[in-house]
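Here is a short tour of one structure, from its sheet to its helices and loops. Have the sequence and the 3D view at hand as you read.

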Amino acid sequence: MSRAIEIPAADGIIDAHVFTPGSAKGPLPAVVLFTDIGGLRPCYHEKAQQIADNGYAVLMPNVYYRDASGPVVPEGKSFRDPDVRPTLFEYAGRLTPEAQSRDFAALLDCIDNEAEFAHGRIGVVGYCMTGAFALRMAAEHPDRVAAAAGFHSARLAEAGDPDSSVHLVGSIEGRVYLGHADKDELLPPEQIARMDEALATAGVHFTTELYKGAAHGFTAKDAPSYDATADALHHKRLAMLLEETL
């Protein structure tokens, strides 16, 4: 089950969706799901519902609400098409750390005020560029985020990037799970090692796993890199993380 919702935020109105199990009879632990760079689209609605069906209320915002509402990839097109990618990169470029922080506050206010969501700590999961969003939200709201996960995350720990989430992880109090694509050009081994070192040094309870043979975007059913085996493992690992923390 899902419903559309509009969330007041400092920079406008976030269009979002709330997903719950069909059998839900009361408030459930909250999970925020950030889409990959392609934004809202059917395969992410399916993903959010699959997470919700395990007993959660999932909030999936349109990260590009400042520029467009609803899906940003035209019907019949792919977020990988050369005539679509520049627009997505332009929109994504406006998602600065400061903009993300303002959005996190709005999402938490929504969770605190909508009937589907139980009181208590939450989970957050991101994909591709938003794996870093999940870590940042966990770092900025350590009292609220019990679990943060990222899958085929991009640019988590680029050397010389002052905005990298690698600099924030010392504030995280919740559990962290990172599922990495094998030989991912957007997250090479040196960045994985840098993030692992930062998490370990900070004493964060974390797990890093390399999905052998899986390419970047392995959970996105509309991507040529989709890997059904790796996607199933991602759902298993995420379900375990949420069950143990929420």
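A residue is called buried here when its relative accessible area is under 20%. By that cut-off, strand E6 (residues 145-151) is mostly covered, with seven of its seven residues buried. Please keep in mind that this is a predicted model.

Two of the pairings are worth a look. Strand E5 (residues 122-127) pairs with E6 in the parallel sense over six bridges, and Ile122 has Val145 in E6 as its bridge partner. E7 and E8 also run parallel, joined by six bridges, with Val176 standing opposite Phe206 in E8.

**Helices on the sheet**

**Where H3 meets H4**

H3 (residues 97-113) and helix H4 (residues 131-140) have axes that come within 10 Å and cross at roughly 70°. That makes H3 roughly perpendicular to H4, and the crossing is right-handed. On the H3 side, the contact is formed by Pro97, Gln100, Ser101, Phe104 and Leu108, which meet Phe133, Arg136, Met137 and Glu140 of H4. Sorted by type, the residues of this contact are five nonpolar, two polar and two charged.

How many of the ten residues of H4 are buried? Nine of them are, which leaves the helix mostly covered. The buried residues include Phe133, Arg136 and Met137, and these three also belong to the contact with H3. The cover over the buried residues of H4 includes strand E3 (30-34), H3, E5, E6, strand E7 (175-181) and helix H5 (189-202).

| Residue | Loop between | Relative accessible area |
|---|---|---|
| Val84 | strand E4 (57-61) and helix H2 (85-93) | 6% |
| Cys128 | E5 and H4 | 9% |
| Lys183 | E7 and H5 | 76% |

Val84 counts as buried because its relative accessibility is 6%. Setting aside residues up to four places away in sequence, Val84 touches Val73, Pro74, Lys77, Ser78 and Phe79. One of these, Pro74, is ten residues from Val84 in sequence, and their C-alpha atoms are 8.3 Å apart in space.

Cys128 has a phi near 60°, a positive value in a residue other than glycine. Lys183 likewise has a positive phi, near 55°, and is not a glycine either.

Conventions
Residues numbered from 1 in each chain as written. Predicted model: local features only at pLDDT ≥ 70, side-chain atom pairs only at ≥ 80, totals over all residues. Heavy atoms only, no water. Axes fitted to C-alpha atoms, helices over the stretch in contact; angles between N-to-C directions. Helix = DSSP H or I, 4+ residues; strand = E, 2+ residues; numbered from the N terminus. Parallel < 35°, antiparallel > 145°, perpendicular 65-115°, else oblique. Left-handed = near helix turned anticlockwise from the far one by under 90°. Contact = heavy atoms within 4.5 Å. Nonpolar A, V, L, I, M, F, W, Y, C, P; charged D, E, K, R; others polar. Buried < 20%, exposed > 50% of the residue type's maximum accessible area, 1.4 Å probe, protein only. Pairing = 2+ DSSP bridges.
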